[in-house]
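Me: Can you walk me through this one? I'd like to start with the ground rules, then the details.

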Amino acid sequence: MHAIVLAAFLGISRIAIAMCSAGVAVFLIGVLGAKTEIAQARGLDKIVALTNLCVAVPLAVFGALHLFAPQFVIGIVPAYMPWRMFWVYFVGCGLMAAALSIASKIGVRWSGLLFGIMMFSFVAIIHFPGALRDPHNRILWTIVFREMSFGGAGWILAGNATNGWRGPAKSTLITVGRILIAIAAIVFGIEHFLHPMGLPGVPLEKQMPAWIPGRALIDYVTGAALLVVGGSVLLNRKTRTVATCVGGWILLMVLIIYGPVLIGALSQPGIGVEVEGINYFADTLLFAGAILALASATPSAAS
């Protein structure tokens, strides 16, 4: 009822209100879960302490989209799958559960693992076949690498979790996660140089607004940073420091560029525009979390 009243007052759709409310609720839970770690961290490690928060909030936003606006998602479900609407709601519930688990740091051993498997399943069933059908469509390939990096972040969180996996399982999860995120960072870094007017972070179709000064410079800096972090992982040199700085840069872009873009989308008529603005914000926040997960996977002494 409150969401309906607020949506009517602000002129924002109930779907957008639900997505934003889910994100804010999980953000508050995540702040409570991370406050001790943030307080005890020193220097750049305070940014690393935001990893779970950056991952959990977007998952809650996407989960709310599945649950409150399944019409925006069902078209992605392959036509050959039975009970297509069931899978939309099932994934929504899974995303919400993973968001709560990762934000509160309870059961991350399993939520991170299962979230990663979910992302890799999406790549295998939906995104990779779609990219193969249209191999010259860079957006489809960007989505493939984006989803793989998200899954890699989930596996790193599972491997790093308190009371998490041990031995070969832990090292395998972290190694696979690091490699997938590094590959995505390198691909995205190259894309930023090829398309220097797009929004920074995950190089999709949307362009940076004209009011942003130095748009090309921002993309070049972001692209160079992503190439450096990818190289640092592959060469195993200064990974924690580099990934922390790059993750902090992407997070800064979320706040100063994607934040106004989100506000602008919410101020325009049309549910589709609102959902797109929220999705761009959440996507890039999750990618920042993936980069920070790289940092968290590297011990301080080996940074």
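Reply: Helices here are DSSP runs (H or I, at least four residues), numbered from the N terminus. This is a predicted model: local features need pLDDT of at least 70, side-chain atom pairs count only at pLDDT 80 or more, and totals for chains, interfaces and linings use all residues. Residues are numbered from 1 along each chain, and side-chain values use heavy atoms, with hydrogens and water left out.

Me: Which helix gives the most to the nonpolar patch?
Reply: H8, with three residues.

Me: Which residues make that patch?
Reply: Ile190, Phe193, Leu194, Tyr220 and Leu227, covering about 450 Å². Helix H8 (167–194) and helix H9 (215–235) each give two or more residues. Patch residues have over 30% relative accessible area and no salt bridge (a Lys or Arg side-chain nitrogen within 4 Å of an Asp or Glu carboxyl oxygen). Nonpolar side chains are joined within 5 Å. Areas come from the Shrake-Rupley method with a 1.4 Å probe.

Me: Is leucine 194 buried or exposed?
Reply: Exposed, because its relative accessible area is 57%. The cut-offs: buried is under 20%, exposed over 50%, partly exposed in between.

Me: New topic. How many residues of H7 are buried?
Reply: 18 of the 23, so H7 is largely enclosed by the rest of the structure.

Me: What happens at the start of H7?
Reply: A side-chain oxygen of asparagine 137 comes within 3.0 Å of the backbone nitrogen of isoleucine 139.

Me: Where is glycine 75?
Reply: In the loop between helix H4 (51–68) and helix H5 (84–104). Glycine 75 counts as exposed because its relative accessibility is 65%.

Note on methods
Buried < 20%, exposed > 50% of the residue type's maximum accessible area, 1.4 Å probe, protein only. Patch = residues over 30% accessible without salt bridge, like charges linked within 9 Å, V, L, I, M, F, W, Y side chains within 5 Å. Polar contact = N/O pair within 3.5 Å; in protein donor to acceptor, adjacent residues only side chain to side chain.
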